[in-house]
Amino acid sequence: MSQCPAPEAPARLTRWEQRTELPLFAASLLFLAGYAFRVLAPHDAQPWHDLSLILVWSTWLMFLADYVVRLRLSGLGARFVGVRWLDTLVLLLPLLRPLRMVKVYSAVQQRHDRPRLNLYARVMSYASLSAVLLGFSASLAVYRLERDAPGASIRTFGDALWWACATLSTVGYGDAAPVTFWGRTVAAGLMACGLALLGAVTGSFSSWLIQVFTREDEKRPPERG
């Protein structure tokens, strides 16, 4: 018989998340900056390479400490790994932290009486910012994996950015594509994210247009017979 978490556990976990979401988002940007420097900077750029490595590992240790605290506060025990699968995935792959943008925005809104943006604007904002951060992260990862691979078509970071834009927009020109196993794994993940983000944006934009047209029809005076 599984043990249910104590009633106060979800409340404590929620308070912790509200307090730490913004600092952890800032830490994720530092992680991304450190990782980007290690990928893009020349190999002889010392001691900056060592400092960027320290930055990457120290921020990841912050994510690990936060994960452990969430696990303990949740009261779920080992089930936390499966129930909070996004937290687990983000810990293992910190470059996916942009997927937590919704939680970051929710943490900001705790300081206001009401959201500053309506539902459709929020969804489009989440998707747009997530696409930019995920595209940049995927470009770095693919460039690092592909630049020295035999027969690779992604040789520069510019090629990687172009590939990420084509993949996220689901255009897929095919002039630049990963050839390594891990590069294609990153590409498959970015394709899935691109489809989800594009669907969220187009769906929200369509719903917003329908709402606007409906309001205009309601304001229009009825035609006289």
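The model is predicted, so local features need pLDDT of at least 70 and side-chain atom pairs count only at pLDDT 80 or more, while totals for chains, interfaces and linings use all residues. Residues are numbered from 1 along each chain as its sequence is written, and side-chain values use heavy atoms, with hydrogens and water left out.

**How H2 and H4 pack**

- Helix H2 spans residues 48–74 and helix H4 residues 85–92; helices here are DSSP runs of H or I with at least four residues, numbered from the N terminus.
- The two pack at an angle of about 160°, with their axes 10 Å apart; axes are lines fitted to C-alpha atoms over the stretch in contact, and angles run from 0 to 180 degrees between N-to-C directions.
- That angle makes H2 roughly antiparallel to H4, a label for angles over 145 degrees.
- The crossing of H2 and H4 is left-handed, meaning that the near helix is turned anticlockwise from the far one by less than a right angle.
- On the H2 side, the contact (heavy atoms within 4.5 Å) is made by Trp60, Phe63, Leu64, Tyr67 and Arg70, and on the H4 side by Asp87, Thr88 and Leu91.
- These contact residues divide into five nonpolar, one polar and two charged; Ala, Val, Leu, Ile, Met, Phe, Trp, Tyr, Cys and Pro count as nonpolar, Asp, Glu, Lys and Arg as charged, and the others, Gly among them, as polar.

**Aromatic pairs**

- There are six aromatic pairs in the structure; rings of Phe, Tyr and Trp (its six-membered ring) pair if their centres lie within 6.5 Å.
- Tyr143 and Phe157 are edge-to-face (planes over 60 degrees apart), because their ring centres are 6.0 Å apart and their planes stand at 65°.
- This pair links distant parts of the chain, with Tyr143 in helix H6 (residues 119–146) and Phe157 in helix H7 (residues 157–168), 14 residues apart.
- Both Tyr143 and Phe157 are buried, that is, under 20% relative accessible area with a 1.4 Å probe and protein chains only.
- Phe181 and Trp182 also form an edge-to-face pair, at 5.0 Å centre to centre and 75° between the planes.
- Together, Phe136, Tyr143 and Phe157 make up one aromatic cluster.

**Exposed aromatics**

- Phe181 is exposed (over 50% relative accessible area), at 59%, and Trp182 is exposed at 56%.
- Trp48, found in helix H2, counts as exposed at 53% relative accessibility.
- Trp48 and Phe37 lie 11 residues apart in sequence and 8.4 Å apart in space, C-alpha to C-alpha.

Conventions:
Parallel < 35°, antiparallel > 145°, perpendicular 65-115°, else oblique. Phe/Tyr/Trp six-rings, centres within 6.5 Å; stacked < 30°, edge-to-face > 60°.
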